[in-house]
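User: I'm new to this one and would like to go through it step by step. Could you take some questions?

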Amino acid sequence: MSDSHRIVEFIPRLRRYARALVGDRARADDLVQDTLERAWNKFHLWRPGSDLRAWLFTVMHNVHVNQVRASRDHAMLDDDGAEMAVAAVQGAGLELRDLERALALIPAEQREVLLLVALEDLSYAEVAHALGIPIGTVMSRLSRAREKLRILMHGVVANPKLQVVK
Amino acid sequence: MTGAAIAPVTEAELLAYVDGQLPQVRHADVEAWLAARPEEAERIAAYHRQDDALRALFDPVLDEAVPGRLRRVVKRRAKWRTFAMAAGFVGLGLAVGMVVGWQLHAQRVPMAGTGPAIARNAAVAHATYSPEVRHPVEVGADQEAHLTAWLSKRLGTTLRAPKLEANGFSLVGGRLLPGEAKPAGGPSPVAQFMYQTKGGRRLTLYIRTEATNTQTAFRYATEGSVGVFYWIDRNVGYALSSADLNREELLAVANSVYKQLNP
């Protein structure tokens with residue numbers, strides 16, 4: 001069977017991940033479409049026998065990073081920016097219980113790791129491979145993502161390191 | 001932090017515990033460590049709830065119809081056009097084309113697989129229909145009695161759709177497929193039942209009648225990315241295919257199918 005044909009099988013999962021990653025439905029499907037285009041173009045780079053799903057997440061990661069860079073939306077990839085956003089939300093006395101909004105406030109690089117682990121059930125090693133980062137970085141991003149999401153969902157600052165008072 | 005635990009537990013281990021990636025030997029240590037620290041236990045419980053909430057929020061995307069523009073990306077580029085997309089269209093002309101295409105494919109396209117015809121054809125049928133979001137089956141599980149009666153009649157043998165809930169799979173439905181040409185007489189049709197998990201992992205059970213009354217052991221073959229367990233029992237051949245399960249998982253389901261069909 002054609003391996004490239006298998007990409008079709010993963011479209012629903014790519015869409016789920018993209019939706020969680022970028023939030024908006026139309027933008028998520030744009031990301032999936034760009035990912036599929038790139039995957040077909042770059043299919044010769046995929047090593048037969050390796051995990052096609054993980055490779056597709058790598059492709060989507062690269063496409064996404066390029067798009068975020070192109071839009072100069074550095075705040076979304078910038079850790080400090082998001083922590084300030086957390087502080088600002090808390091400072092405004094808002095209760096943030098909406099998971100989608102909370103997710104959007106987590107830096108994209110941390111959100112990616114959380115979603116690949118929590119939604120896609122990738123192992124830490126698979127995430128490290130898919131994103132091209134050391135496993136220690138996977139762990140630190142995951143740890144920060146989980147803690148930020150917890151704080152955002154409950155409005156409780158348990159870890160003083162995350163408190164930004166300026 | 002207060003500390004009565006003997007073995008220190010790291011943050012990485014706590015995360016691995018949440019994500020089901022902690023080696024079994026450390027479970028007891030982590031649980032004891034958490035039991036002594038209610039605040040940390042609550043934090044870890046909150047992380048578990050995050051996973052449930054994320055799945056509840058985003059899993060429904062798996063069941064949405066894939067937008068046409070995404071299908072078209074693949075369609076435009078698929079080398080294996082005949083089949084891949086045929087199932088996406090409904091219409092007699094296309095259905096006929098698909099039947100022809102399916103047989104041509106089975107005969108002409110070399111596959112780098114390991115199995116005999118039943119495994120190969122089951123894998124092709126699996127790869128064709130399991131990606132379908134809107135039309136994975138002809139008759140849905142809501143009409144199971146009709147489905148099994150219809151397929152039984154067409155195959156000329158009494159069929160049942162095994163219950164695979166214990167394995168985490170529920171019946172999606174089934175369809176009739178063109179059969180393989182046999183030395184004597186024309187091809188007899190084949191039945192395909194499709195199952196899926198809540199998370200969208202799918203498997204298909206391919207059932208055909210056999211010319212001879214034999215019995216074989218389970219055999220395993222891979223056809224591309226699709227793993228297939230197949231066996232013959234009396235006059236019926238079975239092939240269980242999935243690209244989403246590893247060999248052990250698929251074997252567990254195959255055992256379950258076999259037991260139910262041979263009570």
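Predicted model: local features only at pLDDT ≥ 70, side-chain atom pairs only at ≥ 80, totals over all residues.

What follows is a set of questions and answers on this structure.

User: What is the average pLDDT of chain B?

Analyst: pLDDT is the predictor's confidence in each residue, from 0 to 100. In chain B, 78% of the residues score at least 70, but residues 79-112 fall below 50. Residues 1-5 of chain B are below 50 too. The chain B average comes to 79.

User: How many helices and strands does chain A have?

Analyst: Helices (H or I, at least four residues) and strands (E, at least two) are DSSP runs, numbered from the N terminus. Going along chain A from that end, you read α-α-α-α-α-α-α-α-α. So by that definition, the count for chain A is nine helices and zero strands.

User: How much of chain A counts as buried?

Analyst: A residue is buried if 20 or more other C-beta atoms lie within 10 Å of its own, exposed if 12 or fewer, and partly exposed in between, with C-beta atoms placed from the backbone. Chain A has 166 residues, and the share of them that counts as buried is 43%.

User: Which residues touch the most other members of the largest nonpolar core?

Analyst: A nonpolar core is a set of buried Ala, Val, Leu, Ile, Met, Phe, Trp, Tyr and Cys residues joined through C-beta atoms within 7 Å. The largest one has 62 residues, and helix α9 (residues 135-154) of chain A gives the largest share, eight residues. The members touching the most others are A:A18, A:L56 and A:V127.

User: Leaving aside neighbours within four places in sequence, what is A:L56 in contact with?

Analyst: Two residues are in contact if their C-beta atoms, placed from the backbone, lie within 7 Å. With neighbours within four places in sequence left aside, the partners of A:L56 are A:I7, A:F10, A:L14, A:T35 and A:A39.

User: Which helix gives the largest share of the side of chain B that touches chain A?

Analyst: The contact takes 37 residues from chain A and 42 residues from chain B. On the chain B side, α1 (11-18), α3 (38-58), α4 (68-77) and α7 (117-129) each supply at least two residues. The largest share, 10 residues, belongs to α3(B).

User: What is the strand order in the open sheet of chain B, and which strands stand at the edges?

Analyst: Two strands pair if DSSP finds at least two bridges between them. The six strands pair antiparallel in the order β1-β2-β3-β4-β6-β5. Each edge strand has a single partner strand, so one of its sides is left without a neighbour in the sheet. Those edge strands are β1 (139-140) and β5 (219-223) of chain B.

User: At what angle does α7(B) run to β6(B)?

Analyst: Axes are lines fitted to C-alpha atoms, for helices over the stretch in contact, and angles run from 0 to 180 degrees between N-to-C directions. α7(B) lies across β2, β3, β4, β5 and β6 of chain B. Its angle to β6(B) is about 130°.

User: Why does B:R234 count as partly exposed?

Analyst: B:R234 lies in strand β6 of chain B. Its phi is near 55°, a positive value in a residue other than glycine. B:R234 is partly exposed because the number of other C-beta atoms within 10 Å is 13.

Definitions and conventions
Residues numbered from 1 in each chain as written. Chains lettered and ligands numbered in written order.
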